[in-house]
Amino acid sequence: MEELTRTCLLTGASGLLGTAFIRRYAARYQILAVHHRSAIDGPTQDQSYVDPLAPTRHLPENDHPVRALRADLGDPDDIARLADAVESHTDGVDLVVHAAAVRGWTPLLAAGAADRARWVYQVNVLAPLQLTAALARRFWFTDPTANLRANRNVVTISSTSGLFVYPDLQQGLYGSSKAALNHLTYHLASELWDLGIRVNAVAPDTFPGRIATEDVLDAIVDFDRSDRTGVVHRLDGRPA
């Protein structure tokens, strides 16, 4: 069993990708699992599995609970509160996975599209920026050498819709937010370079479906183990 040596802050932890990440890597990382309305599907500091026929029996499923942190990434003030909560539970963050996202397709001329756009861009683009900046101020500014030694890094979860236009699918808001996230990834990689922090993106096609969820998980951890920065890794089966 791998020793827990790295702290991972994971947003979207109750979603499809977040749940899969926790199930696969809870023994590898100390996970701070950020969720909003839906509860974490697994053991946390507040919940655990119980055998109803032997309530006191140890269950191995409870061996690696995550620290669940509830936050609304659509609210900038809540992001600041989340950063405070992270600081109260750890003295360092080694890997940040921005997996939270607003999906759903909306015609750009539909009633309320502008209001939905504000929410989509806040969660998909501004929240990763605001949270990364808050973590940099709290943890990373003081010792770039330690950041390099710990190979600290940020991985944003983008989409091929931020690289290609899929016409007539009403993905204007989602696709443009992911295109913005790709460019944000490049610029964060440049600005955080002097702090010894790497920043990369994984841009998968639809998963599960065209791309296996396990392939997305592999890409995230491959970035964590690597020395690459400023890369948007496309996962769609097309030639690079």
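Are Asp-224 and Arg-6 buried or exposed? I opened my notebook with that one, and I found that both residues are buried. A reminder to myself before going on: this is a predicted model.

**Entry: the buried pair**

I looked at how these two side chains sit, and Asp-224 and Arg-6 meet in a salt bridge, with 2.7 Å from N to O.

**Entry: the chain as a whole**

Next I stepped back to see the fold. I counted six helices and seven strands in the chain. Reading along the sequence, I wrote down the pattern β-α-β-β-α-β-α-α-β-α-β-α-β.

I also looked up the overall dimensions. The C-alpha atoms fill a box of roughly 55 × 45 × 40 Å along the principal axes. For 240 residues, a compact globule would have a radius of gyration near 18 Å, and the chain agrees because its value is 18 Å.

Of the 240 residues, 49% count as buried. Among contacts with a separation of 6 or more, 69% are between residues 24 or more positions apart. The accessible surface comes to about 12,200 Å², and carbon and sulfur atoms hold 53% of it.

**Entry: charges**

I noted 23 positive and 28 negative side chains, and the centres of the two sets lie 3 Å apart. Side chains of opposite charge can pair when their charged atoms come close. With that in mind I looked up the salt bridges, and the count comes to 12.

**Entry: a pair within one helix**

How far apart are the closest N and O atoms of Asp-115 and Arg-118? I found 2.6 Å for this salt bridge. Both residues belong to helix 3 (residues 113–140), and they are three residues apart, so about one helical turn separates them.

My last stop was Arg-210 and Asp-205, whose side chains meet in a salt bridge at 3.7 Å, N to O. Here Arg-210 is exposed, with a relative accessible area of 62%, whereas Asp-205 counts as buried at 13%. I also jotted down a network: Asp-75, Asp-78 and Arg-81 are joined by salt bridges that share partners.

Methods:
Residues numbered from 1 in each chain as written. Predicted model: local features only at pLDDT ≥ 70, side-chain atom pairs only at ≥ 80, totals over all residues. Heavy atoms only, no water. Helix = DSSP H or I, 4+ residues; strand = E, 2+ residues; numbered from the N terminus. Rg over C-alpha atoms; globule rule 2.2 N^0.38 Å. Buried < 20%, exposed > 50% of the residue type's maximum accessible area, 1.4 Å probe, protein only. Contact = heavy atoms within 4.5 Å. Areas by Shrake-Rupley, 256 points an atom, 1.4 Å probe, with all protein chains shown as cover. Lys, Arg positive; Asp, Glu negative; His and termini not counted. Charge placed at Lys NZ, Arg CZ, Asp CG, Glu CD. Salt bridge = Lys/Arg side-chain N within 4 Å of Asp/Glu carboxyl O.
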